[in-house]
Amino acid sequence: MPTASRTRRLLALASGNRLARGYLAVFAVSFAAMLLFPESVVATAPLLLTAPLSFLGVFLPLGTGVTTVVVFAGWLLLCALVNAAVLGSLAARTGTGAPTGAGEPRARRLRALLAPAVDNWLARGYLAVVAVALGFFVGAALVLPDAGLAGMWPLLATAPFGFLAVAVSSPLEYLFSAGWPASLAFSLGVVSAGLFNAVLLGRLARRLRAREPRPAA
């Protein structure tokens, strides 16, 4: 499919239903609040709303000045459009694929649910990033006495749902003297959040590559 057609499909998904438009409206309000109150807590709202793609901005070679502000704003807008398209792909009805009936085996339903996470390059590339970030954390946890900072990478890679891994693992640090139960819970939470995000990205990739129905002659 040509790039222009995919861009049109992306924009259509990002604005084609109430769920996607509502998300963009919330993002617009948070973005305005960030510009008006850059020193307040609300300034982080656009980053959280556009996670996890927005956190990749830390790798952009940004400097200081007006150019940096423009590039950063453009990056946030692009991330917001992608997230809105993901929500739009969830709300839009798809005519491809057989419906999953309630009478099908549970294993088959699970495979069909997770298939978008592995059947396209977008989702597989994202899972590779999550795997590298999680591997770095696990390696640091085995070597270092405190791997808290290393945990930031898988956390950012799987945001916003990855933050639930912190909520689950943090209490275990006080319940167990050993650190491995909290690290294990954090890793499982990151894997779950990564799979969830990959499924969402995979559904978007399916919608973008689906052929548009041709009008009847």
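**Figure 1. F27 and F31 in helix α2 of the predicted model.** F27 and F31 are 4 residues apart in helix α2 (residues 18-36), so about one helical turn separates them. An α-helix has 3.6 residues a turn, so residues three or four places apart point the same way. The model shown here and in the other views is predicted. F27 is buried, with a relative accessibility of 6%. F31 is also buried, at a relative accessible area of 19%, which falls under the 20% limit for that class. The number of aromatic pairs comes to 3. In the pair formed by F27 and F31, the ring centres are 5.9 Å apart and the planes meet at 35 degrees, so the pair is classed as tilted.

**Figure 2. The aromatic pair F161 and F196.** The ring centres of F161 and F196 lie 4.7 Å apart with the planes at 75 degrees, so this pair is edge-to-face. F161 is in the loop between α7 (152-157) and α8 (163-175), while F196 belongs to helix α9 (residues 180-209), so the pair ties together parts that are 35 residues apart in sequence. Both residues are partly exposed: F161 has a relative accessibility of 35%, and F196 has a relative accessible area of 41%.

**Figure 3. R124 over the ring of W121.** The charged end of R124 is placed over the ring of W121, at 4.4 Å from the ring centre. The UniProt annotation "transmembrane region", from an unreviewed entry, includes residues 121-144 among its spans. Residues 121-144 are 96% helix and 0% strand, with 34 Å between the end C-alpha atoms.

**Figure 4. Helix α4 and its buried residues.** Helix α4 covers residues 66-91, which makes 26 residues. From first to last C-alpha the helix reaches 37 Å, close to the 38 Å expected at 1.5 Å a residue. Its buried residues include T68, L76, C79, A80, N83 and A85. V71 also has its place in helix α4, but V71 is partly exposed, at a relative accessible area of 36%. The C-alpha atoms of V71 and G57 are 9.8 Å apart, and the two residues are separated by 14 residues along the chain. According to the unreviewed UniProt entry, residues 69-92 are one of the spans annotated "transmembrane region".

**Figure 5. Surroundings of T50.** T50 is located in the loop between α3 (45-49) and α4. With a relative accessibility of 0%, T50 is buried. Not counting residues up to four places away in sequence, T50 touches Y23, F27, L76, C79, A80 and N83. Of these, L76, C79, A80 and N83 are listed among the buried residues of α4, and F27 is buried as well.

**Figure 6. The largest nonpolar core and the contacts of F186.** The largest nonpolar core has 35 residues, of which A85, F186, V190 and L204 touch the most other members. Two or more residues come from each of α1 (3-15), α2, α4, α6 (121-143), α7 and α9. Helix α9 gives the largest share, 8 residues. With residues up to four places away in sequence left out, F186 touches F137, G151, P154, L155, A165, V166 and S169.

**Figure 7. L201 in helix α9.** L201 lies in helix α9 and is buried, with a relative accessible area of 11%. Leaving aside neighbours within four places in sequence, L201 is in contact with V86, L122 and Y126. V86 is one of the buried residues of α4. The C-alpha atoms of L201 and P116 are separated by 7.7 Å, although the two residues are 85 residues apart along the chain.

**Figure 8. The whole chain, for orientation.** The protein chain has 9 helices and 0 strands. Of its 217 residues, 34% count as buried. Among contacts between residues at least 6 apart in sequence, 69% join residues at least 24 apart. The spans that the unreviewed UniProt entry annotates as "transmembrane region" include residues 20-37. Residues 20-37 are 94% helix and 0% strand, and their end C-alpha atoms lie 26 Å apart.

Methods
Residues are numbered from 1 along each chain as its sequence is written. This is a predicted model: local features need pLDDT of at least 70, side-chain atom pairs count only at pLDDT 80 or more; totals for chains, interfaces and linings use all residues. Side-chain values use heavy atoms; hydrogens and water are left out. The expected span of a helix is 1.5 Å times one less than its number of residues. Buried means under 20% relative accessible area, exposed over 50%, partly exposed in between (1.4 Å probe, protein chains only). UniProt positions are given in the numbering used here, feature names are shortened, and annotations may be inferred rather than shown by experiment. Rings of Phe, Tyr and Trp (its six-membered ring) pair if their centres lie within 6.5 Å; planes under 30 degrees apart count as stacked, over 60 as edge-to-face and the rest as tilted. A charge sits over a ring if NZ of Lys or CZ of Arg is within 6 Å of the ring centre and within 35 degrees of the ring normal. A nonpolar core is a set of buried Ala, Val, Leu, Ile, Met, Phe, Trp, Tyr and Cys residues joined through side-chain atoms within 4.5 Å. Contact means heavy atoms within 4.5 Å.
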